[in-house]
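Work through the exercises below with the model open. Each task is followed by a solution in steps.

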Amino acid sequence: MESQQMSGSVVPDFLSSYKLISGKLKKRFLRKPNVAEASEQFRQLSRSQEHDHPQYAGYCCLAIARCEHTLCNGYGEVQALTQAARFFLQAERLLRQTGTPAFEENLTAAVNCYSHAIRVHGENKQTPLAAALCRELGNALQALGKPREAITHYQGAAALQKQSPLDCLSSLGLMATCQIATQDHDGALAVLMEMAQIAEDRGGGSGGKPIGAYLDILGQCEVTGVLLLMLLQPTPQRTQPAHSKLLEKYAWDSMEDITPVFLSEDLFLLLQSLVMACQARDLAALRPLQTDLQPYLSVEQNNLLNKLVMEMCSPGGDRV
């Protein structure tokens, strides 16, 4: 236990109360335990701990979840599990803010609670709620500086959101962001290609062509995809057909003279110049192009562009 949790008589008081309530759940001869009453008492004990000792509130919520499971109340069980997860996350954040040494036991407890709640939602055919918790867990892990761990949960959310294309694309976008943050550029590129395909297939209006938000997503996927391909510089043998088709748009001798509807003409021409500069190893053109591109790019895209310029202009940059 952390030192601040041991102050005064908080721990003995909490433990004695917790054990007292738990004792009421033991089966006795010719007497059934009052599970509903115990659940309410655990809830009251949780409220008394939630501000100063959120991890204790989390333990109470776990006890509530067990009670609700016994009562066959799936809704109550999943609510208690979700609340327990949030309390454990709150405890983890408090430890980090105070710089208290720990082994991330609260974070582990939170992940386990979220996973259990997601499973219960799935068993009850509540797919949107399960997906929402996957996203919530992914967001929490990313905020705690764990993008690699967040990827799995964003992927899980996207898998549950297949019937809601925009939600699915949003989760995939977060997944790609985490992959970029962990330097998994190949993985991020694959996800972006998948996103573009979904937007093309599912974002059609009356004319069958993508409209509205789907056009914005296609634009973001295309720009980020081009930057990643410039960073990766795959050999012709390793270049996938979809990647080759993307880069062909930006060749000076391209047969496609029409700017994609989801990009402005200025941005398209700047990207075309960037691709040509990279392929021709024209280092002198990169810095001016970076300055011109910056207003058109997101923070993430600007970071990728900056990395590209730095790698090409470094002593080993002639790999391009």
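This is a predicted model: local features need pLDDT of at least 70, side-chain atom pairs count only at pLDDT 80 or more; totals for chains, interfaces and linings use all residues.

**Exercise 1.** Find which residues of H14 are buried, and state how they are arranged around the axis.

Solution. Take buried as under 20% relative accessible area. Gln301, Asn302, Leu304, Leu305, Leu308, Val309 and Met312 then qualify in H14. They cover an arc of only 160° around the axis, so they sit on the same side of H14. An α-helix has 3.6 residues a turn, so residues three or four places apart point the same way. The cover over the buried residues of H14 includes helices H8 (165-181), H9 (185-202), H10 (213-232), H12 (265-279) and H13 (283-293).

**Exercise 2.** Identify the residues that touch the most other members of the largest nonpolar core.

Solution. The core has 93 residues, and Leu271 and Leu274 touch the most other members. H10 gives the most to this core, with 11 residues. Setting aside neighbours within four places in sequence, Leu274 contacts Leu227, Leu286, Leu289, Leu293, Leu305 and Leu308.

**Exercise 3.** Describe the largest pocket and name the helix that gives the most to its lining.

Solution. The largest pocket holds about 380 Å³ of space. Its lining includes Met193, Gln197, Cys221, Lys245 and Phe262. H9, H10 and helix H11 (241-248) each supply at least two lining residues. H9 gives the most, with 4 residues.

How values were computed:
Residues are numbered from 1 along each chain as its sequence is written. Side-chain values use heavy atoms; hydrogens and water are left out. Buried means under 20% relative accessible area, exposed over 50%, partly exposed in between (1.4 Å probe, protein chains only). The arc is that of the directions from the helix axis to the C-beta atoms. Contact means heavy atoms within 4.5 Å. A nonpolar core is a set of buried Ala, Val, Leu, Ile, Met, Phe, Trp, Tyr and Cys residues joined through side-chain atoms within 4.5 Å. On a 1 Å grid over the protein atoms alone, a cavity is a set of points where a 1.4 Å probe fits but cannot get out, and a pocket is an open set with protein on both sides within 12 Å along at least five of seven lines; lining residues have an atom within 4 Å of a point. Grid points are joined across faces, edges and corners, and a volume is the space filled by probe spheres set on the points.
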